Amino acid sequence: MSSNEVSRGAVSRKKKKVGKALMDRHHHLRCQDEGNQLPSAPAKGEDSGGCCKKGRRYGLVSFRELPEYMKDNEFILGFYRANWPISEAFFSLFRWHNETLNVWTHLIGFLVFVGLAMANFVEIPRVADLLGLFSRSNSTSPDMNISYAKDLLLVANALVKLKRIGLESDRLEFPSPHDPVTRWPFFVFLGGSIFCLLSSSICHLFSCHSYRLNVLLLRMDYVGITVMIISSFFPPIYYIFQCDPHWQLIYLGGITVMGVFTIVTLLSPTLSTGKFRAFRAMLFSSMGFFGIVPAVHACIVNWNNPQRPITLAYESGMALSYITGTLFYVSRIPERWKPGCFDLAGHSHQIFHVFVILGALAHYGATLLLLEWRDKVQCDMPI
Ligand SMILES: [Zn+2]
């Protein structure tokens, strides 16, 4: 090979390198546009929102490029997904955009509450009944079945009772002579929280798909929040007023009526828009503030109960978390102070989500204390 040929080869390789670098740079700038570092209006004829053609990754768009139905928070300037197909929206669970942390905060909360529900479910004596049923189906003769199953059931029940007494004698000075109090109000609360956290995660993940799905999922999200608020009332009201069933009925009936009114009101698509953010917060908060009435009543009734201060501390922690979260939700702080700086992390909705989980965990702690107390002190015993 001559020296001329070598230098021609080197020049052509250099040209190729420069060309590739220019293409990469062009691609990088385009991605920056898509990621909205440089918000720009869509070009004529270009579809606003959805970005890339077949076989290419869907890009992110700016607030100005969003379809009207997605313009909710003007202080978040970029990193939006818009008009994405369902599959692309699903896999965006593992991509960075302005909803990533909104989805994950409540998805992690959902998993935590599923774990708590399962941990509590295996603790309850009913599991022994299930074991009995299962063993019955494995036997051969029908007569043998019944006596064998009865024996097993008795043994299983005795074991669970022994375990409970053993556990309680560790915690208390004497075992309770009563059966443990019913757990269904506790599971209503856990179920309500699980539903709310899951519907919120689904809403944040898929509402970028289309106008119709966006409206549907937003309504589902509001129904989830309402269900969580109503279900949170069940354990404290049920266990505190267990010996006064008419108060149980008045308070649980009252909050359920308020919840149904809230759901019916929020089913209007207009009320799902950003303009009515404060109105929605007011509806949810009024349901929360309704809790002050039974809380004051419960304090008066249980004034001498040694567990009152600690339960009250947990419930105050819950109220404080929800109020703080709502203030962030309504005020849209900190992104209103520095629009565009908190698009990916640190904006008000993410902070609101974290406070919702903290509030639910504080309420869970208060409910465990109430259960422990009601297992010890039942209606025929003085407090
Ligand atoms: Zn949310």
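At what angle do helix H9 (residues 277-290) and helix H11 (residues 308-331) pack? In this predicted model, the angle is about 170°, and the two axes lie 10 Å apart. Axes here are lines fitted to C-alpha atoms, for helices over the stretch in contact, with angles running from 0 to 180 degrees between N-to-C directions. H9 and H11 are therefore roughly antiparallel to each other, a label used for angles over 145 degrees.

On the H9 side, the contact (heavy atoms within 4.5 Å) is made by Arg277, Ala278, Arg280, Ala281, Ser285 and Phe289, while H11 brings Ile323, Thr326, Tyr329 and Val330. Sorted by class, that makes six nonpolar, two polar and two charged residues. Ala, Val, Leu, Ile, Met, Phe, Trp, Tyr, Cys and Pro count as nonpolar, Asp, Glu, Lys and Arg as charged, and the others, Gly among them, as polar.

A word on ground rules: residues are numbered from 1 along each chain as its sequence is written, and side-chain values use heavy atoms, with hydrogens and water left out. Local features need pLDDT of at least 70 and side-chain atom pairs count only at pLDDT 80 or more, whereas totals for chains, interfaces and linings use all residues.

Now for the metal. His204, His349 and His353 coordinate the zinc ion, each through NE2, at 2.1 to 2.2 Å. Along the chain these donors are spaced H-x144-H-x3-H. Donors are N, O and S atoms within 2.8 Å of the metal (3.2 Å for Na, K and Ca); water is not among the atoms, so the site may look incomplete. His204 and His349 link distant parts of the chain, 145 residues apart. Both are buried, meaning under 20% relative accessible area with a 1.4 Å probe, protein chains only.

| Residue | Helix | Helix residues |
|---|---|---|
| His204 | H6 | residues 184-206 |
| His349 | H12 | residues 348-376 |
| Gln248 | H8 | residues 245-266 |

Gln248 counts as buried too, at 12% relative accessibility. Leaving aside residues up to four places away in sequence, Gln248 touches Ile237, Tyr238, Phe241, Gln242 and Gly253.

Zooming out, the chain has twelve helices and zero strands; helices are DSSP runs (H or I, at least four residues) and strands are too (E, at least two), numbered from the N terminus. Of its 383 residues, 41% count as buried. Among contacts with a separation of 6 or more, 70% come from residues 24 or more positions apart. The chain exposes about 21,400 Å², with carbon and sulfur atoms supplying 69% of that area.

Terms used: Buried < 20%, exposed > 50% of the residue type's maximum accessible area, 1.4 Å probe, protein only. Parallel < 35°, antiparallel > 145°, perpendicular 65-115°, else oblique. Areas by Shrake-Rupley, 256 points an atom, 1.4 Å probe, with all protein chains shown as cover.
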